[in-house]
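Me: I would like to go through the labels used for this model and the criteria behind them. Please set each value against its cut-off.

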Amino acid sequence: MPISRVTKLYAVEDCKIFPLISDPAGGTPAYGEGIDVPGIKSMEISGDVEVKELRGDNGLLDSDSSISNVTVSYPHAKLSLDVLKALVSSTVTDSGTTPAQKSKWSLKQGAKPLPYKIVGKTPTSGGDLVGGDVYFTLFKCIMSSFPGLGLAEEDYRTIENEARAVPLISTGEWVDVEIHETAAAIPTAATP
């Protein structure tokens with residue numbers, strides 16, 4: 001008998017992004033190695049539906065609708081230069097020797113948002129199944145607003161990220177929700 005298709009959703013434990021390397025029509029998408037989104041606080045997926053109505057004879061004759069937009073927002077507690085580099089064409093450089101090492105993210109004129117996959121998961125038993133978990137995957141995301149960077153007065157600064165999700169050209173995959181009977185870490189290996 002299959003597992004239940006109904007579950008609660010409690011908390012978010014982990015989130016990773018995977019740079020989209022290629023998405024050939026009729027082929028297989030390729031992703032780079034997973035990058036941890038440190039201190040993930042939430043993962044909210046929403047969308048818009050466009051409704052068209054056919055009217056005539058002084059009344060509604062028909063109606064049709066289509067999904068016009070899917071977005072994801074995922075604030076996180078810690079800044080990651082590797083996440084920034086995966087979101088937008090930019091560079092990260094390491095230099096110096098102890099005690100004067102530094103790591104620097106640089107964004108230059110002409111930079112463009114880069115496509116990526118995002119996967120978030122509940123903690124173990126964060127769904128109805130004891131020992132299981134729930135995954136949310138958006139297969140192709142593009143940054144829709146600049147990440148909320150900066151500092152805060154007498155408080156921690158939360159990094160805010162938002163993206164628009166679109167279907168893959170290669171497979172048409174857009175959003176998956178998976179309920180797992182047995183919890184597992186998000187795989188981080190690059191995929192061909």
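Me: What makes I45, V175 and V177 a nonpolar surface patch?

Reply: The model is predicted, so local features need pLDDT of at least 70, side-chain atom pairs count only at pLDDT 80 or more, and totals for chains, interfaces and linings use all residues. Residues are numbered from 1 along each chain as its sequence is written, and side-chain values use heavy atoms, with hydrogens and water left out. Now the patch. Its members need over 30% relative accessible area and no salt bridge; nonpolar side chains (Val, Leu, Ile, Met, Phe, Trp, Tyr) are joined within 5 Å, like charges within 9 Å. A salt bridge would be a side-chain nitrogen of Lys or Arg within 4 Å of a carboxyl oxygen of Asp or Glu. Areas come from the Shrake-Rupley method with a 1.4 Å probe, and for residues only the protein chains shown count as cover. I45, V175 and V177 make a patch of about 200 Å².

Me: Where is V177 found?

Reply: V177 is in strand β11, residues 175-180. Strands (E, at least two residues) and helices (H or I, at least four) are DSSP runs, numbered from the N terminus. The protein chain has one helix and 11 strands. Their order from the N terminus is β-β-β-β-β-α-β-β-β-β-β-β.

Me: How do you know that the charged end of K117 sits over the ring of F18?

Reply: The rule asks for NZ of Lys or CZ of Arg within 6 Å of the ring centre and within 35 degrees of the ring normal. For F18, the charged end of K117 is 4.9 Å from the ring centre. K117 also lies over the face of Y31, at 4.4 Å from that ring centre.

Me: How many aromatic pairs are there?

Reply: Zero aromatic pairs are counted. Rings of Phe, Tyr and Trp (its six-membered ring) pair if their centres lie within 6.5 Å; planes under 30 degrees apart are stacked, over 60 edge-to-face, the rest tilted.

Me: Are C15 and C141 buried or exposed?

Reply: Buried means under 20% relative accessible area, exposed over 50%, and partly exposed in between (1.4 Å probe, protein chains only). C15 has 0% relative accessibility, so C15 counts as buried. C141 is also at 0%, and therefore buried. Of the 192 residues in the protein chain, 32% are buried.

Me: Why is D57 called exposed?

Reply: D57 is called exposed because its relative accessible area is 78%. D57 lies in the loop between β4 (44-56) and β5 (59-73). Its phi is near 50 degrees, a positive value in a residue other than glycine.

Me: Why is S125 called partly exposed?

Reply: S125 has 30% relative accessibility, so S125 counts as partly exposed. Its place is the loop between β8 (116-121) and β9 (133-148). Phi of S125 is positive too, near 65 degrees.

Me: What joins T98 and P99?

Reply: A cis peptide bond, with omega about 10 degrees. P99 is in the loop between β6 (91-95) and β7 (102-106).

Me: How far is T188 from P19, in sequence and in space?

Reply: They are 169 residues apart in sequence and 11 Å apart in space, C-alpha to C-alpha. T188 is in the segment after β11.
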